[in-house]
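Dear colleague,

I am handing over the structure we spoke about, with its sequence, and my notes come after it. Please read them with the structure open beside you.

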Amino acid sequence: MRRDQSGKELLNNVLFQMDSDLSSRKLLPLYEKLYDHNELTTKDTHYATVPNVMFLMNRVLVELKQRTKQQPIPLHKMELYLLKKAAQLGNNDAIALLCFQILGSSTPKIQHQEDVIRSQQLLKQLVKQNHPLSFKVLADLNCYMGQFEEGKKWYKQYLKLVGPSHVSDPDIRYWGCQQKGEVLEKLGEIEFREGGNENIISCEKRFLESIRITPLKNCAKSYFYLAMLYVKYDPDKAK
């Protein structure tokens with residue numbers, strides 16, 4: 001994370017898109033300290049004990065990775081450190097994402113059994129609390145294992161839980177839109193593959209809603225499936 005003008009502008013642009021009250025002036029020095037020392041402590045900043053700030057810093061790095069299509073190893077380590085730090089401090093979204101990383105690992109043999117059991121317990125607790133992202137994580141895990149019908153149930157529960165107002169809070173608007181758009185897209189994809197008139201009507205609505213609430217780079221599949229849908233069922237719209 002560079003302190004030059006281009007680095008500041010890119011960071012400010014991402015923070016603005018995320019509706020954050022924090023600017024690069026406050027966060028860039030923290031990224032630099034983390035880069036140099038591999039950790040953040042209360043000696044460095046009081047933000048080191050604020051879970052939402054640690055999670056925001058993690059999401060910024062994820063966003064930058066998506067924009068640049070690359071991530072050097074030091075930034076990848078920083079991203080993981082910030083996610084774990086936010087989870088340790090009690091940020092539920094960070095806990096849910098960390099559980100997904102452990103349970104959805106493509107190399108489960110390297111995961112400690114204690115970590116797997118603990119992750120399962122934490123997800124169960126978060127679901128009992130009606131924590132939205134936990135429902136999405138369970139849906140993603142089921143789809144990852146090829147259990148699409150079960151995944152569909154969890155996606156629908158997520159959408160029912162968050163409702164239309166989930167993205168109205170400015171503090172979570174960008175993150176909320178991103179997650180909800182992804183769920184709509186994945187659910188639409190499952191319904192598209194299942195076919196049938198009812199599913200076709202439903203998946204079109206889901207793809208259109210995903211496109212409406214998420215940036216173009218995050219809903220490319222929605223455009224792709226809509227095009228396929230219209231070519232087959234409504235050629236005039238496909239034009």
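This is a predicted model: local features need pLDDT of at least 70, side-chain atom pairs count only at pLDDT 80 or more; totals for chains, interfaces and linings use all residues.

Residues are numbered from 1 along each chain as its sequence is written, and side-chain values use heavy atoms, with hydrogens and water left out.

I begin with helix α6, residues 113–128; helices here are DSSP runs (H or I, at least four residues), numbered from the N terminus. At 1.5 Å a residue its 16 residues should span 22 Å, and the end C-alpha atoms are 23 Å apart, which agrees; the expected span is 1.5 Å times one less than the number of residues. The buried residues of α6 are V116, S119, L122, L123, L126 and V127. Seen down the axis of α6, these buried residues fall within an arc of 135 degrees, so they line one face of the helix; the arc is that of the directions from the helix axis to the C-beta atoms. Buried means under 20% relative accessible area, exposed over 50%, and partly exposed in between, with a 1.4 Å probe and protein chains only. Q120 and L103 are 17 residues apart along the chain, and their C-alpha atoms are separated by 7.9 Å. The cover over the buried residues of α6 includes α5 (92–103), α7 (132–144) and α8 (148–162), where contact means heavy atoms within 4.5 Å. After α6 comes N130, whose phi is positive, near 60 degrees.

In helix α8 sits L159, which counts as buried at 14% relative accessibility. Leaving aside neighbours within four places in sequence, L159 is in contact with K180, V183, L184, L187 and R206; of these, K180 is 21 residues away in sequence and 7.4 Å away in space, C-alpha to C-alpha. R206 is also among the buried residues of α10. Elsewhere, S24 is found in helix α2 (residues 24–37) and is buried, at 6% relative accessibility. Not counting residues up to four places away in sequence, S24 touches K8, L11, N12, L15 and P29.

The structure holds 4 aromatic pairs; rings of Phe, Tyr and Trp (its six-membered ring) pair if their centres lie within 6.5 Å, with planes under 30 degrees apart counted as stacked, over 60 as edge-to-face and the rest as tilted. F224 and Y225 form an edge-to-face pair, 5.4 Å centre to centre with 75 degrees between the planes.

Finally, the largest pocket holds about 780 Å³ of space and is lined by 31 residues, of which K136, D140, Q179, E182 and K186 lie nearest its centre. α9 (173–194) is among the elements that give two or more residues to this lining, and α9 provides the largest share, 10 residues. On a 1 Å grid over the protein atoms alone, a pocket is an open set of points where a 1.4 Å probe fits, with protein on both sides within 12 Å along at least five of seven lines, and lining residues have an atom within 4 Å of a point. Grid points are joined across faces, edges and corners, and the volume is the space filled by probe spheres set on the points.

With best wishes
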